[in-house]
Amino acid sequence: MKIIWRGHSFIEIKTAGKQILIDPFIDGNPFTKTKAADFSPDYILLTHAHGDHVGSTEEIAKRCGASIVAMTDLAGYFAEKGFKTYGPNIGGTEKLDFGDVKIIPAWHTTATPVNGVNLPLGVATGLALKIEGKLIYIAGDTVLFSDMQLVGRKQPVDVAFLPIGDHFTMGGDDAAYAAKLLQAKTVVPLHYNTFPTIKADPQDFLQLLDKGQGYIPEVDQPWSL
Ligand code: NI
Ligand code: MN
């Protein structure tokens, strides 16, 4: 499979002829050179309802008919609006034609303005993806919590995407401890340097990891897993 990091928490995966976008934050994302109009994915996976994760989901799904995969309440919000959705609740796995999407816990909030009222649309989650036999952990926005060590209970985590920007999520120090709990083969930092409040040096973070464990992908450049 090919993985492309497009800055902030926006990740694209290409596998078995399918295109999957995760947290497609594009407008206001200072890193990616892409626009929402560039994407016609099969699936859009969301960790939670905040604007810097939902991003251009509606615009893209409306145009190309992509299915939205998110925890029950957030999927229900999009289903109400007429989108195709898959909405397992926390702990549930959706078996899709490209692999399995398991919705798992994260510690974070989700309130977002809906018609001028700030509403929590479900809860924030992480995602454990099983694609081509590999285990990919998308932490979402979260603090460090010890249950992360359960993600790799049955098989080692191949890649863990962890926020390091602090303020809205854990910072690099806690993320490095998360990497230890996860025992992930590869750890990719994200959710940093997008806004002044989440300034962080990813090289400092890499120093806290085991040698060779950290990886900073080039924005918009595919890498093979
Ligand atoms: Ni958030
Ligand atoms: Mn966020």
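**Burial, salt bridges and strands**

D158 counts as buried, at 9% relative accessibility (buried means under 20% relative accessible area, exposed over 50%, partly exposed in between, with a 1.4 Å probe and protein chains only). This is a predicted model, in which local features need pLDDT of at least 70 and side-chain atom pairs count only at pLDDT 80 or more, while totals for chains, interfaces and linings use all residues. Residues are numbered from 1 along each chain as its sequence is written, chains are lettered from A and ligands numbered from 1 in the order in which they are written, and side-chain values use heavy atoms, with hydrogens and water left out.

Me: Which residue forms a salt bridge with D158?
Reply: A salt bridge is a side-chain nitrogen of Lys or Arg within 4 Å of a carboxyl oxygen of Asp or Glu. The closest N and O atoms of the pair are 3.0 Å apart. D158 lies in the loop between β12 and β13, and its partner, 27 residues apart, in the loop between α4 (172-182) and β14 (186-190); helices (H or I, at least four residues) and strands (E, at least two) are DSSP runs, numbered from the N terminus. The partner is K185.

Me: How many residues apart are D97 and K18?
Reply: Their side chains meet in a salt bridge, 3.3 Å from N to O. D97 is in the loop between β7 (93-96) and β8 (99-105), whereas K18 is in strand β3 (residues 18-22). The pair thus links distant parts of the chain, and the separation is 79 residues.

Me: Is K95 buried or exposed?
Reply: The side chain of K95 meets that of D100 in a salt bridge, 3.1 Å from N to O. The relative accessibility of K95 is 63%, so the residue counts as exposed.

Me: How many salt bridges does the count come to?
Reply: Salt bridges that share partners join R6, E12, K14 and D220 into one network. By the rule stated above, the count comes to seven.

Me: Which strands are the edge strands of the open sheet?
Reply: Seven strands form this sheet in the order β6-β5-β4-β3-β2-β1-β15, with mixed pairing; two strands pair if DSSP finds at least two bridges between them. Each edge strand pairs on one side only. They are β6 (85-86) and β15 (222-224).

Me: What is the bridge partner of V69 in β6?
Reply: Strand β5 (residues 67-69) and β6 run parallel and are joined by two bridges. In β6, the partner of V69 is Y86.
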